[in-house]
Amino acid sequence: MRFADVTTLGVGGDIDDFVEVETNAELLAAVSQAQSAGLPILVLGGGSNLLVGDAGFDGRVIALRTRGIDVRISETPSGENRGTARVRIAAGESWDDIVAWSVENGFAGIEALSGIPGSVGAAPIQNIGAYGQEVSSVIIGVDVYDIVAGEVRYIPADELEFAYRDSVFKQGLEAIVLSVDFELADARATRLSQPIAFDQLAGALKVEMGAQVALADVREAVLQLRRSKGMVLDAQDPDTRSAGSFFVNPIVTEHFSRSLPADAPRFPVGEAAQDRVLEIGAHVPPLAGPGLVKLSAAWLIENAGIPRGFSLPGSRAAVSSKHTLALTNRGGASAEEIAGLARYVRSMVQSQFGILLQPEPVCIGIEL
Ligand SMILES: Cc1cc2nc3c(=O)[nH]c(=O)nc-3n(C[C@H](O)[C@H](O)[C@H](O)COP(=O)(O)OP(=O)(O)OC[C@H]3O[C@@H](n4cnc5c(N)ncnc54)[C@H](O)[C@@H]3O)c2cc1C
């Protein structure tokens, strides 16, 4: 088996040791065997946020296929409905199936995250987000297997250090997410979404920002918008042979952003600044706080002179024909071809605007 067979980019070399697990007990056994054999471990969900090099991975790949949904309607001690539902979902469930389930059953809070591929267990890893929702706003905690401590433990959301496309997992916590606990709004009576928080989505729904509309309408509108950008997996659409957005939107100081052309989109970053003392050598978390703005990586790429559909001569990797932020495999590309295109895009944006774009997918065995 090759990573090319199990990732949405369709690139990457051999997997020598592949184990699929359907229960947490099987997972722990697979981890313990690998540890005894001195093999590094790579957990695989849907393979939709991974770029693995052509040499593959010298260790054990564990594909998580655990299933299960447990719903509890939150009640006060006197038995009154609090208006929320606590839902525990196994890591191996498909994220988009869960969104569809929540919409069908009247639970609100993740409807704008429709159409994102991958597994539930991977959702907290980079704090998936789209169309005005981020999964961190509805996660209350996760059960993990801590690989270093060798124990199962619960991590509440306030210890997960969620930020834009970031969490404690991306900062080096070696742990496998077993299940995720969500608190969703109980909208079974109204079937209404959470307030719409994204201009383009409000426009597609023909409502004002902040309006609440039928959950099913939000899902449909998001899926349509995403399809128009090649952001819903579709075997018939070569623009979806990608890892989604290949670069995160850079966050820069408002001061720096003034050096960019006037028409460069800027979105103020609203979260409160968090003062933290970091040890020397510690991972420096992404900037967050007042005086900061998020830029559009897609705008930077286009305005660095890279059009949709662009590819380097002789390469089978190309920028999506629908969206400059997605790098795609046009058939038979190697991981090195994808990486070569990524390097070129980065260097063009850096030389034009002085910003080094950061990749969104997890890169293994490949340097950008
Ligand atoms: C067409 C397309 C559109 C996309 N759109 C979006 C979008 O709108 N917003 C967005 O945020 N992302 C988007 N993505 C990226 C991707 O879908 C998400 O990051 C998703 O959460 C990845 O899930 P996965 O199961 O495929 O993870 P994988 O690719 O299998 O793994 C990604 C990383 O997470 C780790 N991991 C996976 N499962 C676990 C676990 N249970 N415990 C610990 N570590 C784990 C892996 O080891 C790896 O490091 C898109 C991708 C594609 C292909």
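Q: Where does Y131 lie relative to β8 and β9?
A: Y131 sits in the loop between β8 and β9 (133-134). Strands here are DSSP runs of E with at least two residues, while helices are runs of H or I with at least four residues, and both are numbered from the N terminus. Two quick notes before we go on. Residues are numbered from 1 along each chain as its sequence is written. Also, this is a predicted model, where local features need pLDDT of at least 70, side-chain atom pairs count only at pLDDT 80 or more, and totals for chains, interfaces and linings use all residues.

Q: How do you know whether Y131 is buried or exposed?
A: Count the C-beta atoms around it. A residue is buried if 20 or more other C-beta atoms lie within 10 Å of its own, exposed if 12 or fewer, and partly exposed in between, with C-beta atoms placed from the backbone. Y131 has 23 other C-beta atoms within 10 Å, so it is buried.

Q: And what makes the phi of Y131 worth a mention?
A: Phi of Y131 is near 50 degrees, which is a positive value in a residue other than glycine. R165 also has a phi near 50 degrees, again positive and again not in a glycine.

Q: What do we call R165, with its 19 C-beta neighbours inside 10 Å?
A: R165 counts as partly exposed, because its 19 neighbours fall between the 12 and 20 cut-offs. You'll find R165 in the loop between β11 (151-156) and β12.

Q: Why is L201 called buried?
A: L201 has 22 C-beta neighbours inside 10 Å, so it passes the test and counts as buried. L201 belongs to helix α4 (residues 199-205).

Q: Which residues does L201 touch, leaving out those up to four places away in sequence?
A: They are A112, Y131, G132, I196, A221, V222 and L225. Touching, or being in contact, means that two C-beta atoms, placed from the backbone, lie within 7 Å. L201 and L225 are 24 residues apart along the chain, and their C-alpha atoms are separated by 8.0 Å.

Q: What makes L215 buried?
A: L215 has 27 other C-beta atoms within 10 Å, so it is buried. L215 is part of helix α5 (residues 215-228). Beyond four places in sequence, the residues L215 touches include V103, G106, A108 and E111. P261 is another story: L215 and P261 are 46 residues apart in sequence and 38 Å apart in space, C-alpha to C-alpha.

Q: How do you know that V319 counts as buried?
A: V319 has 25 C-beta neighbours inside 10 Å, so it counts as buried. V319 lies in strand β16 (residues 317-319), and its contacts outside four places in sequence are I306, R308, G309, F310, T324 and L327.

Q: Which members of the largest nonpolar core touch the most other members?
A: V180, L184 and I338 do, out of 99 residues. Such a core is a set of buried Ala, Val, Leu, Ile, Met, Phe, Trp, Tyr and Cys residues joined through C-beta atoms within 7 Å. Helix α8 (residues 335-353) gives the most to this core, with eight residues. In soluble globular proteins, nonpolar side chains tend to be buried together.

Q: How many residues surround the ligand?
A: There are 33, and the closest are G45, G46, G118, G121 and G244. A residue is near a molecule if its C-beta atom, placed from the backbone, lies within 6 Å of it. β2 gives the most to this shell, with three residues.

Q: What kinds of residues make up the shell around the ligand?
A: The shell divides into 19 nonpolar, 14 polar and no charged residues. Ala, Val, Leu, Ile, Met, Phe, Trp, Tyr, Cys and Pro count as nonpolar, Asp, Glu, Lys and Arg as charged, and the others, Gly among them, as polar.

Q: How many helices and strands are there in the protein?
A: The protein has eight helices and 18 strands.

Q: Why is the protein as compact as a globular protein of its length?
A: Its radius of gyration is 21 Å, close to the 21 Å that the globule rule gives for 368 residues, so it is as compact as a globular protein of that length. The radius is taken over C-alpha atoms, and the rule is 2.2 Å times the number of residues to the power 0.38. Buried residues make up 42% of the 368 residues.
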